[in-house]
Amino acid sequence: AIIRHLETAASMMYGAKQIRGFCHLCLGQEACAVGMEAGMTLDDPVITAYRAHGWTYTRGVSPLGILAELTGRASGCAEGKGGSMHMYNYNFFGGNGIVGAQVPLGAGIALKLKYMKEQKVCVALYGDGASNQGQVFEAFNMAHLWKLPCIFVCENNHYGMGTSAERSSASTDYYSRGDYMPGLRVDGQDVLAVREATRFAKEYAMSHGPILIELDTYRYKGHSMSDPGTSYRTREEVQQMRKENDPIMMLMDRMIESDLATKEELKAIDTEGKEMIGEARDRAVSDPELPLEDLYHKIYYN
C-alpha cells in the first residue's frame, strides 16, 4: 500500500508541475518488487531499469527520499541530482535510463560476487520492451558460461512504451529467452507466488548459475507521465485489470479469507500509509534545493 500511495502522490505532483522531466510509475506492478524482496535479503544486490520507485522503497529508501528526489531537493536520496530514473541505496544500483543497459551491469555485479566468493545473488531486472536488446542476450551468454549467481527478471507489463508485446516480439515467451538457461513464468500480480519463485531462483543461482524469471504483470498508467496510456489499449482493458488482477486487492482478499487480518485492520494500515506519504509529499515540496556551489560535487566517486 505504501508504494501505491507513493506512486499516486508522484502522479498528482507531476500533474501539479511539482515534478518535471521523466517519471515512470509502477502502479499495478507493486507485487514484483515486494514479492522478490521477501524472497531474498538486502545483502543481495539489485539493479533495474527506470521504473524504479517501488524498488527504491523496498531497498530501504524512505518515501521522503524518493519524493524529494523527484522534486530535486537536497533531502532526496541522490540529493536531487538523479531524479526519477537515478535513485540508489545500499546494494541498489539504480534506476538506469538506457534501455537494457542494466542487464550486462547486473551480470558484472554477479561476477564480482562469484570472484569474491560471496554467498549472494544479483537480481537484474528489465522490461519486455528491452527484451530484444542484443546486450541482454550477450549478458545471458556470459553469465551462463561463467555460471554467475544472477537472476535475470523480465517484468512483462505487456507494453514497451506504446507497443504491445505481440507487435514487438516474435516470441512473447520471455521466460524461455535464455535458451540454455532455465526459466520460469510467474504471476507477477500474486505477491506470494513472486516470493516463492524468488526463493527457488536464489537457491538455484547460487548453486548452478543464472536463471530467468518472467513476471507477468501490468501497469495502470502510461509508459511515463507524458503518455496517457489510452491510444494503444482501451480504458476497459485497464479497468478490467484493476478489478480482477490488482495485486493489493488480491492479497487483502486472501488475508481476510484466511483470517490473517480483518478489513478494519487492513484499512487502518492503509490509512497510516496514506498519512505517511502525505507528510513526505509536504516536505518534498518545501525542503531546500541543493545549493548551486554543490552541483559539481560528488560527480566522481574516489
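**Pockets, cysteines and a buried helix**

Mentor: By class, the lining of the second largest pocket divides into 14 nonpolar, 14 polar and four charged residues, where Ala, Val, Leu, Ile, Met, Phe, Trp, Tyr, Cys and Pro count as nonpolar, Asp, Glu, Lys and Arg as charged, and the others, Gly among them, as polar. This is a predicted model, in which local features need pLDDT of at least 70 and side-chain atom pairs count only at pLDDT 80 or more, while totals for chains, interfaces and linings use all residues. Residues are numbered from 1 along each chain as its sequence is written, and side-chain values use heavy atoms, with hydrogens and water left out.

Trainee: What makes a residue part of the lining of the second largest pocket, and which lie nearest its centre?

Mentor: A pocket is an open set of points on a 1 Å grid over the protein atoms alone, where a 1.4 Å probe fits, with protein on both sides within 12 Å along at least five of seven lines, and a lining residue has an atom within 4 Å of a point. For the second largest pocket 32 residues meet that condition, and Tyr-50, Arg-51, Gly-127, Asp-128 and Gly-129 lie nearest its centre. Its space is about 450 Å³.

Trainee: How much space lies in the largest pocket, and which residues are nearest its centre?

Mentor: The largest pocket holds about 650 Å³, and its lining has 26 residues, with Ala-1, Ile-2, Ile-248, Met-252 and Asp-270 nearest the centre. By class, this lining has 17 nonpolar, three polar and six charged residues.

Trainee: How do you know whether Cys-26 and Cys-122 are buried or exposed?

Mentor: Buried means under 20% relative accessible area, exposed over 50%, and partly exposed in between, using a 1.4 Å probe and protein chains only. Cys-26, at 7%, is therefore buried, and Cys-122, at 0%, is buried as well.

Trainee: Why is helix H4 called largely enclosed?

Mentor: Helix H4 covers residues 63-70, and because eight of its eight residues are buried, it is largely enclosed by the rest of the structure. The buried residues include Pro-63, Glu-69 and Leu-70, and what covers them includes H1, H3 and H11.

Definitions and conventions: Grid points are joined across faces, edges and corners, and a volume is the space filled by probe spheres set on the points. Helices (H or I, at least four residues) and strands (E, at least two) are DSSP runs, numbered from the N terminus. Contact means heavy atoms within 4.5 Å.
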